[in-house]
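Open the model in a viewer and keep the sequence panel beside it. The stops below are given in the order in which to select them.

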Amino acid sequence: MSNSHRLALGDITPNNLGQLRKLNTVLFPVTYSDQFYKDVMEVGEYAKLGYFNDICVGAVCCRVEPIEGDKHTARLYMMTLGVLGPYRGYGLGKELLDHILKYAKSSTNPRIHDIYLHVQTSNKEALSFYQKAGFEVKETVQNYYRNIEPRDAYLLIKTLDSQ
């Protein structure tokens with residue numbers, strides 16, 4: 001592969017939702033429900049497909065979670081972020097994450113206080129990726145996953161700069 005490659009992000013639409021489903025099947029050891037995909041269609045900039053030379057090879061999907069008792073502030077849960085193995089190392093995962101961080105930091109209604117996610121304890125590559133981006137391991141959640149081994153997950157959180 002040559003050094004000239006194009007990275008791009010694209011919206012998730014009804015026409016390419018099948019690509020997201022296929023990517024998630026390959027990337028993650030869990031199966032996502034139809035409700036997951038319906039929800040993804042509603043989050044706008046918090047869900048993106050990632051392209052390498054016009055080939056869809058990655059995606060990020062988040063959901064906004066209101067903070068009880070505070071109608072102006074919310075948290076962002078990163079449900080999935082993944083890039084197919086052969087395309088890792090080109091910066092697409094970072095570009096997907098940077099898009100989410102930038103959009104979350106600029107959000108004012110509601111203001112996003114922090115972003116959190118879970119990473120399977122055996123996934124050292126993902127753990128390293130998120131730690132380099134400023135996420136901190138807050139705890140180990142025992143038996144987070146029901147049908148995969150190991151069942152435990154790290155809870156990672158990144159607090160956004162106050163606005």
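In which loop is N143 found? Select N143: the residue is in the loop between β6 and β7, where helices (H or I, at least four residues) and strands (E, at least two) are DSSP runs numbered from the N terminus. Its phi is positive, about 55 degrees, although N143 is not a glycine. N143 is exposed, with a relative accessible area of 52%; exposed means over 50%, buried under 20%, and partly exposed in between, with a 1.4 Å probe and protein chains only.

This is a predicted model, in which local features need pLDDT of at least 70 and side-chain atom pairs count only at pLDDT 80 or more, while totals for chains, interfaces and linings use all residues. Residues are numbered from 1 along each chain as its sequence is written, and side-chain values use heavy atoms, with hydrogens and water left out.

**Whole chain**

Zoom out and colour by secondary structure. Four helices and seven strands make up the pattern β-α-α-β-β-β-α-β-α-β-β along the sequence. The C-alpha trace spans about 50 × 35 × 30 Å along its principal axes. For 163 residues, a compact globule would have a radius of gyration near 15 Å, and the 16 Å of this chain agrees with that; the radius is taken over C-alpha atoms, and the globule rule is 2.2 Å times the number of residues to the power 0.38.

Next select residues 7-161. The UniProt annotation "domain: N-acetyltransferase", from an unreviewed entry, covers this range; UniProt positions are given in the numbering used here, feature names are shortened, and annotations may be inferred rather than shown by experiment. Over residues 7-161 the chain is 27% helix and 39% strand, with the end C-alpha atoms 27 Å apart.

Select β2 (residues 47-52) and β3 (residues 55-67). The two strands run antiparallel and are joined by six bridges; two strands count as paired if DSSP finds at least two bridges between them. K48 has V60 of β3 as its bridge partner. Two residues lie between the strands of this hairpin, and N53 takes a positive phi near 45 degrees. N53 is partly exposed, at 27% relative accessible area.

I67 is the bridge partner of D70 in β4. This hairpin also has two residues between its strands, and G69 in the turn has a positive phi of about 85 degrees.

**The core**

Which residues touch the most other members of the largest nonpolar core? They are L20, M78, I115 and Y130, out of 50 residues. Such a core is a set of buried Ala, Val, Leu, Ile, Met, Phe, Trp, Tyr and Cys residues joined through side-chain atoms within 4.5 Å.

Centre on M78. Leaving out residues up to four places away in sequence, M78 touches V60, C61, C62, L97, I100, I115, Y116, L117 and Y130; contact means heavy atoms within 4.5 Å.

**β7 and its two partners**

Select β7 (residues 153-159), where six of the seven residues are buried. Strand β5 (residues 111-120) pairs with β7 in the antiparallel sense over seven bridges, and H118 has L155 as its bridge partner. Strand β6 (residues 136-141) is also antiparallel to β7, over five bridges, with V137 opposite L156.

**Two cis peptide bonds**

Go to P110, in the loop between α3 and β5. The bond from N109 to P110 is cis, with omega near 5 degrees. Then go to P150, in the loop between β6 and β7. The bond from E149 to P150 is cis too, with omega near -10 degrees.

**Last stops**

Select H99 in helix α3 (residues 92-106). H99 is buried, at 19% relative accessible area, and beyond four places in sequence this residue touches L9, E45 and K48.

Finish at M41, in the loop between α2 (34-40) and β2. M41 counts as partly exposed, at 26% relative accessibility. Apart from neighbours within four places in sequence, M41 is in contact with I12, T13, P14 and L17. Now pick R146 as well: M41 and R146 are 105 residues apart in sequence and 26 Å apart in space, C-alpha to C-alpha.
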